[in-house]
Amino acid sequence: MTDQTPPPRCHVLIVAAGRGSRFGGPLPKQYCLLAGQPVLRHTVIAFLRHPDVASVRIAIHPDDRALYDQAVGDLGLPAPVAGGALRQDSVRNLISALDAKPEELVLIHDGARPLVSAAIIDATIAALADADGAIAALPVRDTVKRAIGTGIAETIDRTYLWRAQTPQGFRYGAIRDAHQRSAGLDLSDDAAVAERAGYAVELVMGDEDNFKITTAEDLTRAERLVQARLGDIRTGMGFDVHQLVPGDGCWINGIKIPHDKALLGHSDADVGLHALTDAILGAIGAGDIGQHFPPTDERWRGAASDKFLAHAGSLVAAKGGVIAHCDVTVICERPKIGPHRAAMAARIAGILGLAPDRVSVKATTTEQLGFTGRGEGIAAQAIATVRLPG
């Protein structure tokens with residue numbers, strides 16, 4: 001008779017409270033952009049996509065809440081936990097906030113390791129069937145020297161040496177007990193915490209790509225790897241038109257421009273965001289805006305079009321892709337778009353979670369020809385470039 005007992009639930013705890021002093025720059029490394037999205041978002045999505053993961057929770061620095069919300073606030077995660085002075089304190093805070101049964105599994109992972117693979121997650125979870133703990137690690141390949149100053153004191157036997165990575169997995173009851181018993185100590189990782197408490201920890205094969213971003217050079221390396229994985233490059237086009245009627249302003253590319261007319265539509269009639277939404281949907285073969293948000297549905301009457309654009313962006317992310325670039329051209333005589341171009345580009349970038357230089361907004365006229373030239377309506381066309389896993 002086959003054992004029908006379901007596997008224990010697996011919870012992921014991500015440590016992202018560091019300040020990244022070695023990284024430099026204005027932002028902590030976990031919030032820097034990698035292929036157009038924050039490093040932390042890549043890390044979280046890698047686990048959310050895994051079928052065995054029941055929940056993901058993150059420890060952050062209290063000063064970083066706005067950055068956290070911008071990076072992953074739309075992913076439906078539980079509220080973040082305040083990190084501590086040491087990594088070990090942050091993990092202990094996460095464990096304390098987790099409502100889990102002792103036999104359930106916990107994977108603890110560095111927020112700045114965005115390229116963790118499903119294979120590593122699989123292996124770590126599988127090893128916990130027979131062990132108290134399991135960590136991803138790599139055997140040391142290079143000859144290791146112990147130095148005093150710049151002089152070599154001895155050559156170390158590398159036969160039994162491994163480089164620890166994350167995730168590091170444990171039974172919830174075991175790692176909770178181990179962290180409680182090691183309070184006040186500064187141990188280098190969770191495996192060391194478990195080892196000190198007497199728990200047996202196994203090694204599973206890690207991956208050279210599963211490195212921790214520590215320097216700006218590491219981020220450049222990660223960018224190359226992400227781009228290489230996203231080899232299916234697609235382009236989508238969108239076009240939209242809305243009639244001008246008496247009003248008090250026009251919503252265009254997420255910005256309301258003062259005007260003596262308004263755009264007529266079921267939603268806010270944002271002609272630029274509608275065109276761009278269709279371009280993104282077209283790039284991934286997901287139909288058009290009318291299929292996702294029918295104008296016959298009263299839920300969308302007067303709706304802000306940023307919801308439509310954010311939905312299209314989320315569909316790209318769900319496919320494991322990124323939006324590489326988008327370009328919107330607004331076609332009208334009035335209102336003048338030029339003074340608002342920078343704000344429009346920033347607004348689009350914010351909705352899609354892109355770097356500002358991945359968004360272009362332009363405007364042109366039809367030299368007073370046609371319906372746009374007569375001021376009867378405004379048109380917009382857009383092109384979006386999307387990179388998907390090849």
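Me: What is the handedness of the crossing of α3 and α5, left-handed or right-handed?
Reply: The crossing of α3 and α5 is left-handed. Bear in mind that this is a predicted model.

Me: Which residues make the contact?
Reply: From α3, Gln 88, Val 91, Arg 92 and Ile 95 take part. The α5 side supplies Tyr 172, Ile 175, Arg 176 and His 179.

Me: And how do the residues of that contact divide by class?
Reply: The contact of α3 with α5 has 4 nonpolar, 2 polar and 2 charged residues.

Me: At what angle do the axes cross?
Reply: Roughly 135 degrees, and the axes of α3 and α5 (residues 172–181) come within 10 Å.

Me: Why are they oblique to each other, then?
Reply: An angle over 145 would count as roughly antiparallel and 65 to 115 as roughly perpendicular. The crossing is at roughly 135 degrees, so α3 and α5 are oblique to each other.

Me: Switching to cavities. How many of 30 Å³ or more are there?
Reply: The structure holds 1. The largest cavity has about 30 Å³ of space.

Me: What lines the largest cavity?
Reply: Arg 87, Gln 88, His 179, Leu 187, Ser 188, Asp 189, Asp 190 and Val 193. The elements giving two or more residues to that lining are α3 (87–97) and α6 (190–196).

Me: How many nonpolar, polar and charged residues does the lining have?
Reply: The lining of the largest cavity has 3 charged, 3 polar and 2 nonpolar residues.

Me: Which of the lining residues come from the α3 and α5 contact?
Reply: Gln 88 of α3 and His 179 of α5 are in the contact, and Gln 88 and His 179 also line the largest cavity.

Technical notes
Residues numbered from 1 in each chain as written. Predicted model: local features only at pLDDT ≥ 70, side-chain atom pairs only at ≥ 80, totals over all residues. Heavy atoms only, no water. 1 Å grid on protein atoms, 1.4 Å probe; cavity = no way out; pocket = protein on both sides within 12 Å on 5 of 7 lines; lining within 4 Å. Points joined across faces, edges and corners; volume = space filled by probe spheres on them. Helix = DSSP H or I, 4+ residues; strand = E, 2+ residues; numbered from the N terminus. Nonpolar A, V, L, I, M, F, W, Y, C, P; charged D, E, K, R; others polar. Axes fitted to C-alpha atoms, helices over the stretch in contact; angles between N-to-C directions. Parallel < 35°, antiparallel > 145°, perpendicular 65-115°, else oblique. Left-handed = near helix turned anticlockwise from the far one by under 90°. Contact = heavy atoms within 4.5 Å.
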